[in-house]
Amino acid sequence: MKFGVVVFPGSNCDHDTYHVISKVLGQPVDFIWHKDERIDGYDAIILPGGFSYGDYLRTGAIARFSPVMRSVKGFAASGGLVLGICNGFQILCEAGLLPGTLLRNRDLKFICEHVNVRVERTDTPFTVSYRKGQVLSIPIAHGDGNYFCDIDTLRELESDGRIIFRYCDARGEATDAANPNGSLANIAGICNRERNVVGLMPHPERASESLLGSNDGRLLFLSLATSLSEMLKLRA
Amino acid sequence: MQAKVYVTLKNGVLDPQGKAIHHAAETIGYRGLTDVRQGKFFEIKLDETLDAETARIEIEKFAHDVLSNPVIEDYRVEIVG
């Protein structure tokens, strides 16, 4: 299996993500420059965190027009696994691969801290190694992480089980006090209808080694690897 | 010829920046402001050979596809000059 980490001008979590896949997961991974249009040969594509194009206009608004994004859309449409972390999540929303958008944080502050995140669904290729209801300690680092969508979309996300992660307190309660940025329904991560595209604001790649204070994010990458090896087995 | 594009938040979309500006205005002592909503304004210079109708179609599309996010924002286009 082979992973691709897309590098936009202003991506800054690309190396962390690459490190986790190559060193922690022990899987082959390449950087993909945002001007590359060919992404053949990859089994999973990751859009990393950062500040692509300086967040000009809106977060992710310019990156979505990068040449690589047309290929990412095609890859996702054909069932390929796509993960967007933080700015990657914002880009996936702007590109229309995920519904809704990320607004400025409720209190206008850039927040960089460990938060508790509850695993809502384990029926995605990104979360199979977690336990439903498991509370993770994973850092967030964003100024625009306030998830918003219209009420019909929110109803659809809820009824289809597409809310994958929610901000919660240490006991796993998704309270308003445990909502760091004002996200609708404490949403920290969602998936598309087909469940092969996931976006989340927390940074699992910054919580994949106990040396960094938490390795709760490692299971997300492990889930990906496990799901991919199953998929590749089926294909063979 | 010039285009002016106003991008504003849809009703019901929380605007913490507008709220902070409103709060600051009240703190400084400005009176009678009941609400502040922050938006974006774009001035776009246009090729003089373009006719107004084509320019409007082009800029409407640009405003819809790029300058605004239809999930949270509305836009208004003016062609002037």
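Q: What share of chain B counts as buried?
A: In this predicted model, 32% of the 81 residues of chain B count as buried. The word applies to a residue with under 20% relative accessible area.

Q: Why is A:Ser52 called buried?
A: A:Ser52 has 2% relative accessibility. Buried means under 20%, so A:Ser52 counts as buried.

Q: Where in chain A does A:Ser52 lie?
A: A:Ser52 is part of the loop between strand S3 (44–47) and helix H2 (67–77) of chain A.

Q: What is A:Ser52 in contact with, leaving aside its neighbours within four places in sequence?
A: The partners include A:Phe8, A:Pro9 and A:Gly10, and also A:Asn87 and A:Ile91. Contact requires heavy atoms within 4.5 Å.

Q: What makes up the secondary structure of chain B?
A: Chain B has two helices and three strands. Starting at the N terminus, the order of these elements is β-α-β-α-β.

Q: Why is chain B described as more spread out than a compact globule?
A: The globule rule gives 12 Å for 81 residues, while the radius of gyration of chain B is 16 Å, which is well over that figure; chain B is therefore more spread out than a compact globule. Along its principal axes, the C-alpha trace of chain B spans about 50 × 25 × 15 Å.

Q: How many positive and negative side chains does chain B have?
A: Chain B has 10 positive and 14 negative side chains, and 7 Å separates the centres of the two sets.

Methods. Residues are numbered from 1 along each chain as its sequence is written. Chains are lettered from A and ligands numbered from 1 in the order in which they are written. This is a predicted model: local features need pLDDT of at least 70, side-chain atom pairs count only at pLDDT 80 or more; totals for chains, interfaces and linings use all residues. Side-chain values use heavy atoms; hydrogens and water are left out. Helices (H or I, at least four residues) and strands (E, at least two) are DSSP runs, numbered from the N terminus. The radius of gyration is taken over C-alpha atoms; the globule rule is 2.2 Å times the number of residues to the power 0.38. Buried means under 20% relative accessible area, exposed over 50%, partly exposed in between (1.4 Å probe, protein chains only). Lys and Arg count as positive and Asp and Glu as negative; His and the chain ends are not counted. The place of a charge is taken as NZ of Lys, CZ of Arg, CG of Asp or CD of Glu.
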